[in-house]
Amino acid sequence: MKIQSKFLLLFLGFALGLISILMGATFYFTQRYAFEDFYKRLEARVNIGAEIYRQEDERTIFDYRRIRDRYLEKLPAESDFFFRVEGGKVIPKPGAPKLPESFFLTILKEGSSRYNDHNDFFAGKFFKAEKGDFIVVVYAKDPSGFRELAALQRILLIGFLISMLVIYLIGKIFSQHIFKPFSQIIKKVEAITADNLHLRLTDRKGKDELALITSTFNDMLDRLETAFDTQNNFISNASHELRTPISIISGEAELALNTADLSASTRQSLQAIASEADKLQQIISGLLYLAKTSFDKQKQPKERIRMDQLLMNLKKVTDQVNPNSRLLVSFDALPDEEDELTVYGYEHLLQLAIANIVTNACKYSDNKPVKVVLKTSNKHVILHIVDDGIGIPEQEKKYIFEPFFRASNTHLYEGHGVGLPLALKIIRLHRGTIDIQTEVGSGTAITILLPSVANGMKSRKI
């Protein structure tokens, strides 16, 4: 997930969390206030009911009732109930609502209590009187309060949804504004490759983090450009300085071998010199090619490469160089769309990488059949190269792409340990991958995965 998206989610979560707390507190305290006010009205009627219960005179009882009806609003379904208390126990009264025992226990213990069941509200209080202790319970409904709370709940929910949308839009705009300079830097950085290390990010004014990042990255590019130039100079010089003396050694050895009056030991020594000089030439060529894949790409043309044509050319060359090889190329699963079969890159490098793998497969299988299958999947070109050779020990598999490494079971075969590292570097240069499945005595299967032109690789930097 991008930092911008994380920032937006964090901002949205924090803001909505704060709004949720405020709205929840508003609803909670409004609810408490509404019920508290209603309970106080019930408790006022409890006190009046107690005074009525205490009176013996019918005239006085009538006056209390008349005052209550005149000055106190009649609550919905209002009614009062009187319970006698004898020996610390509440005597049930026929017709009274069924209330929980805890309600009466609280009244006896604390003097008063409140209880509600949805929209049914009860307020009770304990009183002492000459004619005996008693409890007054007043019951009423509060439909208007519940309607008001329900309306408030709807308003808060709608407000929350609207707030969520507004906060998201504000956070989106805010995050885009904050991370816009980073997006610009990323675009410029993506345009910088080994082909154009002279490019630099635009210097920013000020001393903020963006200016520091830009300055640090430009300094790093300066160091990289110097290192690349040094490497390029070394490779160019090494290509000439190393090959020239080796070519002279090989030439002089071949010239000496043409002399007629050489002794057997001298001829054997000269042949060894010529052979080893040739091996050294191959090693140096492989190493220089390995280095050039990273530092000399700007001198190599990029082009569209049809992988079926490349494999046909490779088979033709392989059959000419090694007539004993049995390379079987399968084109049974080719797509109808040409772009799905085409990659964008450096043809001679790709051919060199695949040739190294195929040559190894033929060599280490003692020229048994080697099958190469070309197919496509998910806008990628897939090459399966399968042989019936000696395989690679499992514990040594992780080292096969290291330069000069050779498996312990290859001592009977000539090689320098440069081909697979070079192939891996070339495949990675083309944004591809190599996977190896192998077993000693059963052979090796190598899968090469390359993004096709249909995948959009043509427009990307290689």
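Modeller: Met307, Leu310, Leu311, Asn313, Leu314 and Val317 of α7 meet Glu347, Leu350, Gln351, Ile354, Ala355 and Val358 of α8, where contact means heavy atoms within 4.5 Å. By class, this contact has 9 nonpolar, 2 polar and 1 charged residues; Ala, Val, Leu, Ile, Met, Phe, Trp, Tyr, Cys and Pro count as nonpolar, Asp, Glu, Lys and Arg as charged, and the others, Gly among them, as polar. The model is predicted, with pLDDT of at least 70 needed for local features and 80 or more for side-chain atom pairs, whereas totals for chains, interfaces and linings use all residues. Residues are numbered from 1 along each chain as its sequence is written, and side-chain values use heavy atoms, without hydrogens and water.

Biologist: At what angle do α7 and α8 pack?

Modeller: Two packed helices are described by the angle between their axes and the distance between the axes. Here α7 (residues 307-321) and α8 (residues 347-364) pack at about 55 degrees, with axes 10 Å apart. The pair is therefore oblique, the class left after under 35 degrees (roughly parallel), over 145 (roughly antiparallel) and 65 to 115 (roughly perpendicular). Axes are lines fitted to C-alpha atoms, for helices over the stretch in contact, and angles run from 0 to 180 degrees between N-to-C directions. Helices are DSSP runs (H or I, at least four residues), numbered from the N terminus.

Biologist: How do α8 and α9 cross?

Modeller: The axes of α8 and α9 (residues 419-429) come within 9 Å and cross at roughly 140 degrees, which makes α8 oblique to α9. Among the residues in this contact are Leu349 and Asn356 of α8 and Gly419 and Ile426 of α9. The contact of α8 with α9 has 11 nonpolar, 3 polar and no charged residues.

Biologist: Which residues lie nearest the centre of the second largest pocket?

Modeller: Rolling a probe the size of a water molecule over the atoms shows where empty space is left. Arg41, Asp142, Ser144, Gly145 and Glu148 lie nearest the centre of the second largest pocket, which is lined by 17 residues. A pocket is an open set of points on a 1 Å grid over the protein atoms alone where a 1.4 Å probe fits, with protein on both sides within 12 Å along at least five of seven lines; lining residues have an atom within 4 Å of a point. The lining divides into 8 nonpolar, 3 polar and 6 charged residues.

How values were computed
Helix = DSSP H or I, 4+ residues; strand = E, 2+ residues; numbered from the N terminus.
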